[in-house]
Amino acid sequence: MTTSTPTRAPSRSPRRGQAPQGRKPVITRDDLIAAALKLVGPNRSVSNLSLREVAREAGIAPNSFYRHFRDVDELAIALIDQAGRSLRKIIGEARHRAASGRSIVRSSVETFMEQLNADEKLLHIVLREGTVGSEAFKQAVERELRSFEEELCVDLMRLAELNKLPIYEPRLVAKAITRLVFAMGTTAMDLPPDRHPELVEEMVKILRMIMVGTQTMAKEGIVAD
């Protein structure tokens, strides 16, 4: 009596063009940026990410990474650019929707601090990479700061005209405000959240002093030596 050997089901190999199980068939630049964003944290800089761990987080083969970025440095710069754009949009909207009679200075500072504590940590990336990143990262952060300054300058001139209040050297004022707020934001990252309200009050007072100073200089025709 002969026994028949059970036949095995043929193994199915991935079809051509089909991604292996567990990996995404199609991925975009934004997917890779989102994956990198998940990996950074309070003690983890963008500059310390490896290509393999970003690819693993995104669910793709390491070689697929190169379809979108030359290397991790290029990905990091794209992440800084995206963080800067998102922050400018958020803070810009806060300035524009500030209720009549409510301080736009306070509204902007509070929004800035809210973003510092937000889950996506976009502000942390801009603040951290400007001090510990590579030269390319620092240049990317500098570009974002200049963009903040340009947009703030436009807002300052618009508000000065709306309120009939003169302003002396609005570009310098915008630069002073931007650099001060970001410097204090870097300090805030190392403070416990319960200290943030105190820092907000300090920032608001200093910014109001800057605004009163520039308005006084414009009214009295004072020219800096």
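**Aromatic rings and a helix pair**

Tutor: Phe 65, Tyr 66 and Phe 69 make up one aromatic cluster, and please keep in mind that we are looking at a predicted model.

Student: How many aromatic pairs does the structure hold?

Tutor: There are four aromatic pairs in the structure; among them is the one between Phe 65 and Tyr 66, which is edge-to-face, with 6.0 Å centre to centre and 85° between the planes.

Student: And Phe 65, is that buried or exposed?

Tutor: Phe 65 is buried, its relative accessible area being 0%, whereas Tyr 66 is partly exposed at 49% relative accessibility.

Student: What about Phe 112 and Phe 182, what kind of pair do they form?

Tutor: Phe 112 and Phe 182 also form an edge-to-face pair, at 5.4 Å centre to centre and with 75° between the planes. Phe 112 belongs to helix H4 and Phe 182 to helix H7 (residues 170-189), so this pair ties together parts that are 70 residues apart in sequence. Phe 112 counts as buried at 3% relative accessibility, and Phe 182 is buried with a relative accessible area of 9%.

Student: Switching to helices: at what angle do H4 and H8 cross?

Tutor: The axes of helix H4 (residues 104-116) and helix H8 (residues 196-220) cross at roughly 145° and come within 10 Å, and the crossing is right-handed.

Student: Which residues meet there?

Tutor: On the H4 side they include Val 105, Val 109 and Met 113, and on the H8 side they include Leu 199, Met 203 and Leu 207. By class, the contact of H4 with H8 has nine nonpolar, one polar and four charged residues.

How values were computed. Residues numbered from 1 in each chain as written. Predicted model: local features only at pLDDT ≥ 70, side-chain atom pairs only at ≥ 80, totals over all residues. Heavy atoms only, no water. Axes fitted to C-alpha atoms, helices over the stretch in contact; angles between N-to-C directions. Helix = DSSP H or I, 4+ residues; strand = E, 2+ residues; numbered from the N terminus. Left-handed = near helix turned anticlockwise from the far one by under 90°. Contact = heavy atoms within 4.5 Å. Nonpolar A, V, L, I, M, F, W, Y, C, P; charged D, E, K, R; others polar. Phe/Tyr/Trp six-rings, centres within 6.5 Å; stacked < 30°, edge-to-face > 60°. Buried < 20%, exposed > 50% of the residue type's maximum accessible area, 1.4 Å probe, protein only.
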